[in-house]
Every structure is written in structure tokens, then in C-alpha cells.
Amino acid sequence: FQAPFKPAPRIPSTRFQGQLCTMRGKMTILSALMIAVSLVDPVTAGEKSFPSVEGNVFFATPSGNLWCAYTPPGGGAASYPSPDGSAQLTCHRLAPRFAVVVLGERGPASRVDPEGDWPHHDGLPVLGYGDTWRAGPFDCTSRQKGLTCRSTGGGRFTLSRSAVAVD
């Protein structure tokens, strides 16, 4: 047995009710857009920028095992000088064996294996997995499998727990 279908009673609409419904619809759309915009950075979605500390910019990967220092052209802190005054990116791997890779504006990256251990820098801004950082001639992308950085001058490297690869 099927009950007969009865449509809902029709309520006479007035001009005001129609405007109110239209306004509610617009408010719902506006609210949805505001939420969507708040979830995505409209200027640099997936890209990160970090504050400068004594002229250098520092960041780490989520694991904390890899961290980098960017020295802009002509300066930065004395701890990360560029031999020719051009921009330079220096990245460190803490484990399993400490390693340093230096990437200049031009030319290939170079691996440096200094004696001893360098300190771990707690509290650095984090470049999340899937995010990209860009400054000067460099860009670095963080992934769970490691950090890959490139320069517009053609050099690149990948640092991970399992390998250090320079080009």
C-alpha cells in the first residue's frame, strides 16, 4: 500500500520573503567563499617564506634532521659567508652522518663533510612536506623522502636520511 503523495501546502510569498531567500542564498555562498579563502593562502599556496635572522633565512624539515640557511647577495650573518658575495644556500643533514651541502647562484652544488657535529637548531621555522620555499635564485621542496633544492644557475641537490646527491 502506498500513501497518496500530498504536496506541502503553498505559503503565499510576498516580495520581502523572496528578497530574504535571495539574500540568504548570497550569504551562504559568501560564507562558503570566505571559508575557502581562509583555508588557502591566496598569494603563496604551497609556498612558504620565513623571517630573516641577522640577514639569513633559516628553515628545517618536519623531521628536524635537515635544516638550511639562506644568505642573500652581499651579506647575512658571518657564519654563512658567500666567497664572492653572491647568494648562497647551505643545508645540513644531522643523521645518520652529519653532512653539509652548499649551493651557490651559479654552478653545481658541493658537498662538504666537516669534522665533528654541528648543533641542532631547535625552533626553526618548518618547511612542511609538499611545501616549497623560494628566495633569490633558490627554491627548495620538502617531501617525506627528503629535501630537493635548485638554483636558477643550474645547480641542485637532494638531501635525505639515506643519501646526499649533488648536481
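Predicted model: local features only at pLDDT ≥ 70, side-chain atom pairs only at ≥ 80, totals over all residues.
Visitor: Hi! How many aromatic pairs are there?
Guide: Hello! The count comes to 4 aromatic pairs.

Visitor: What does the pair of Phe 59 and Trp 133 look like?
Guide: The ring centres of Phe 59 and Trp 133 are 5.0 Å apart with the planes at 40°, so this pair is tilted.

Visitor: Are Phe 59 and Trp 133 buried or exposed?
Guide: Both Phe 59 and Trp 133 are buried.

Visitor: What about Tyr 70 and Phe 138, which kind of aromatic pair do they form?
Guide: Tyr 70 and Phe 138 are edge-to-face, with 5.9 Å from centre to centre and 75° between the planes. Tyr 70 sits in strand S4 (residues 66-71) and Phe 138 in strand S9 (residues 138-143), so here the pair ties together parts 68 residues apart in sequence.

Visitor: Is Tyr 70 buried or exposed? Phe 138 too, please: buried or exposed?
Guide: Tyr 70 has a relative accessible area of 7% and is buried. Phe 138 is at 2% relative accessibility, so Phe 138 counts as buried as well.

Visitor: Which residues do the ring pairs link into a cluster?
Guide: The cluster holds Phe 50, Phe 59, Tyr 70, Trp 133 and Phe 138.

Visitor: Switching to charges: how many salt bridges does a search of the whole structure find?
Guide: The search finds 4 salt bridges. One of them pairs Arg 150 with Asp 139, whose closest N and O atoms are 3.8 Å apart. Arg 150 is in strand S10 (residues 146-151) and Asp 139 in strand S9, 11 residues apart.

Visitor: Why does Asp 139 count as buried?
Guide: Asp 139 is at 19% relative accessibility, and the cut-off for buried is under 20%.

Visitor: Where do Arg 156 and Asp 167 lie?
Guide: Arg 156 is in strand S11 (residues 156-159), while Asp 167 is in the segment after strand S12 (164-166). Their side chains meet in a salt bridge of 3.6 Å, N to O.

Visitor: Which residues do salt bridges that share partners join into one network?
Guide: Asp 84, Glu 105 and Arg 106 make up that network. Within it, Glu 105 and Arg 106 form a salt bridge with their closest N and O atoms 3.7 Å apart. Glu 105 is partly exposed at 21%, and Arg 106 is exposed at 56%.

Terms used. Residues numbered from 1 in each chain as written. Heavy atoms only, no water. Phe/Tyr/Trp six-rings, centres within 6.5 Å; stacked < 30°, edge-to-face > 60°. Buried < 20%, exposed > 50% of the residue type's maximum accessible area, 1.4 Å probe, protein only. Helix = DSSP H or I, 4+ residues; strand = E, 2+ residues; numbered from the N terminus.
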